[in-house]
Amino acid sequence: MSVSRRTMLAGGTVAAGVTAVAATVGRRALSPHRLPLDGGYAPAGNSLDWSNRGSIRCFWHVETEAPLVALTFDDGPMPEWTPQVLDTLGKLDAPATFFLVGKHLRDHAGVVGPGGYDGHEIGNHTWSHADLAQLDADGVLRELQAAHDEIVLRLGREPRLMRPPWGHVGGTTLIAADHFGYDIAMWSQPVPEKQYAGDPDGFVQRVVADARPGSIILAHDVGAKSRLLVVRNLAAIVQGLRAKGLRPVTLSELLASAHAVRADTS
Ligand SMILES: [Zn+2]
């Protein structure tokens, strides 16, 4: 009898586990962390009319022996936030990469100015922060084209990198990126603002501790107040990285330091 009771309890545990998994999936479906499971899968390469190179580079970490890391800031520009970030980086002579939202640049270009991003790299983060995994090819192209044009218009430079919002990628994103000759830049180290709310010292130590050569650090210069943690403690982060022997560079410079493809020496 005790055996059958244990069996029943075990069965109950399994059932509860299934419920927990289902709840997790449901949450993801409704949050920015959702997987692009529905409404978005679109083919790449069904029509060669779109093709440029026929392939793209997508990276989230750079294998390198050089002591370099890349700081990246998404979603700007935004008044107060972006000037603070640029001011801190400028004082420390630390280059970074900014993935701009086109309509934010249109609305807030004045807070940065035409040369405000000088010394830094600029990437395309779409026009409206759209979920590209749920758009068809024309939709992705429009999002990227509008942001690309705005960057050229306001800053006078052509981006070579794009970052899809939330890292969501469908087939249409791949062919649209190819159309522009973009590389897709993801990240390897999101900064844990929420985890260290109210503990700026712990936050800085964690970011510095997690960084290693080739890390691509994801931060934001727009957003919820929790994200101010990185804006306000950016100088300490840069200084901490340097004290560890790691030098912040743009993504292009980080990529340029990548290992050459290893020759087969066997
Ligand atoms: Zn974003």
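This is a predicted model: local features need pLDDT of at least 70, side-chain atom pairs count only at pLDDT 80 or more; totals for chains, interfaces and linings use all residues.

Trainee: How do you know that the length of helix H2 (residues 81-92) fits a helix?

Mentor: Compare two numbers. At 1.5 Å a residue, its 12 residues should span 16 Å, and the end C-alpha atoms are 17 Å apart, so the two agree.

Trainee: What makes Trp-81, Thr-82, Val-85, Leu-86 and Leu-89 in H2 count as buried?

Mentor: A buried residue has 20 or more other C-beta atoms within 10 Å of its own. These five residues of H2 are buried, so each of them meets that cut-off.

Trainee: Why do we say that the buried residues of H2 line one face?

Mentor: Look down the axis of H2: the buried residues fall within an arc of 120 degrees, so they line one face of the helix. On the face turned away from that side sit Asp-87 and Lys-91, which are exposed. The cover over the buried residues includes strand E2 (68-74), helix H3 (102-112), helix H7 (228-232) and H8.

Trainee: Which residues of H6 and H8 meet, and how do the two helices cross?

Mentor: The axes of H6 (residues 200-210) and H8 (residues 234-243) come within 9 Å and cross at roughly 35 degrees, and the crossing is right-handed. Val-204, Val-207 and Val-208 of H6 meet Ala-236, Ile-237, Gly-240 and Leu-241 of H8.

Trainee: What classes of residue make up that contact of H6 with H8?

Mentor: Six are nonpolar, one is polar and none is charged.

Note on methods
Residues are numbered from 1 along each chain as its sequence is written. Axes are lines fitted to C-alpha atoms, for helices over the stretch in contact, and angles run from 0 to 180 degrees between N-to-C directions. Helices (H or I, at least four residues) and strands (E, at least two) are DSSP runs, numbered from the N terminus. A crossing is left-handed if the near helix is turned anticlockwise from the far one by less than a right angle, and right-handed if clockwise. Two residues are in contact if their C-beta atoms, placed from the backbone, lie within 7 Å. Ala, Val, Leu, Ile, Met, Phe, Trp, Tyr, Cys and Pro count as nonpolar, Asp, Glu, Lys and Arg as charged, and the others, Gly among them, as polar. The expected span of a helix is 1.5 Å times one less than its number of residues. A residue is buried if 20 or more other C-beta atoms lie within 10 Å of its own, exposed if 12 or fewer, and partly exposed in between; C-beta atoms are placed from the backbone. The arc is that of the directions from the helix axis to the C-beta atoms.
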